[in-house]
Amino acid sequence: LQGSLRVDLSMQRIRDLLDDPAHHLTRTCCKVMISYCWANTDFVIGKLAPELAINCKGLWLDRLGGDQGMDEWVGASMQSGIEGADVVVAVVSPAYLKSINCGKEMAMAAATRTTVLPIVLDIPFSEWPPKKVGQTAMQEQFQAANGDMKLFVDMSDSAQFYTKLNRELLPRLRIGVSTESVIHELNQFCKLKRKMSRSATTMSASSSCNLLKCTVSGS
């Protein structure tokens, strides 16, 4: 498939996953914004975002548009995404480090004191943590004031993606999700299932009545 068509199909899959009520049972991770450079679109949209759509209670991704992504104003949209997220998942790659907009997102995360969880793609350990993203000097997004380095999730090896996802990324995204919020989501899902079940029963009873009427009328 050509690039644009592949992206469109991948985005539709992500939207379907976000809208699927069955995934309410699996969404035990916090609300996430994905900060990435378009050079890493295949990784983000093809692998990362679908998994976060299944597992996270909220997802902001620029290509989703509207309240969940990029709207009319770029800066305001990025600010809204960061303010609505518990964690910003930053996909840090060589291209990311050169991106002006990614630097702006990191500045917004620092200003709002939003946690940044870095995923590393092809960044040598000797070059971590980065001192600058785009034109933005890093503060404490990747390194604390005392020099302590933030632990990253290295997903450079595509063969290790699901191992890293389940052992390193998702457990860190579950931190801070209260038991009460999970129970609330489960209750909402159960209510929806009961409503759907009642609707199906009503439709079945209605069909039976119609069939009986037809039988009586025919006799």
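**Cysteines and a helix pair**

No disulfides (pairs of cysteine sulfur atoms within 2.5 Å) were found: the count comes to zero. Cys30 takes part in no disulfide, and the nearest cysteine sulfur, that of Cys56, lies 6.1 Å away. Cys30 is buried, with a relative accessible area of 4%; buried means under 20% relative accessible area, exposed over 50%, and partly exposed in between, with a 1.4 Å probe and protein chains only. Cys37 is likewise in no disulfide, with the nearest cysteine sulfur, that of Cys102, at 5.4 Å. Cys37 is buried, at a relative accessible area of 15%.

The model is predicted, so local features need pLDDT of at least 70 and side-chain atom pairs count only at pLDDT 80 or more, while totals for chains, interfaces and linings use all residues. Residues are numbered from 1 along each chain as its sequence is written, and side-chain values use heavy atoms, with hydrogens and water left out.

Two packed helices are described by the angle between their axes and the distance between the axes. Helix H3 spans residues 74–83 and helix H5 residues 100–112; their axes come within 10 Å and cross at roughly 45°. H3 is therefore oblique to H5, a term for angles that are not under 35 degrees (roughly parallel), over 145 (roughly antiparallel) or 65 to 115 (roughly perpendicular). The contact (heavy atoms within 4.5 Å) involves Gly75, Met78, Gln79, Ile82 and Glu83 of H3, and Asn101, Lys104, Glu105, Met108, Ala109 and Thr112 of H5. These residues divide into four nonpolar, four polar and three charged.

Key:
Axes fitted to C-alpha atoms, helices over the stretch in contact; angles between N-to-C directions. Helix = DSSP H or I, 4+ residues; strand = E, 2+ residues; numbered from the N terminus. Nonpolar A, V, L, I, M, F, W, Y, C, P; charged D, E, K, R; others polar.
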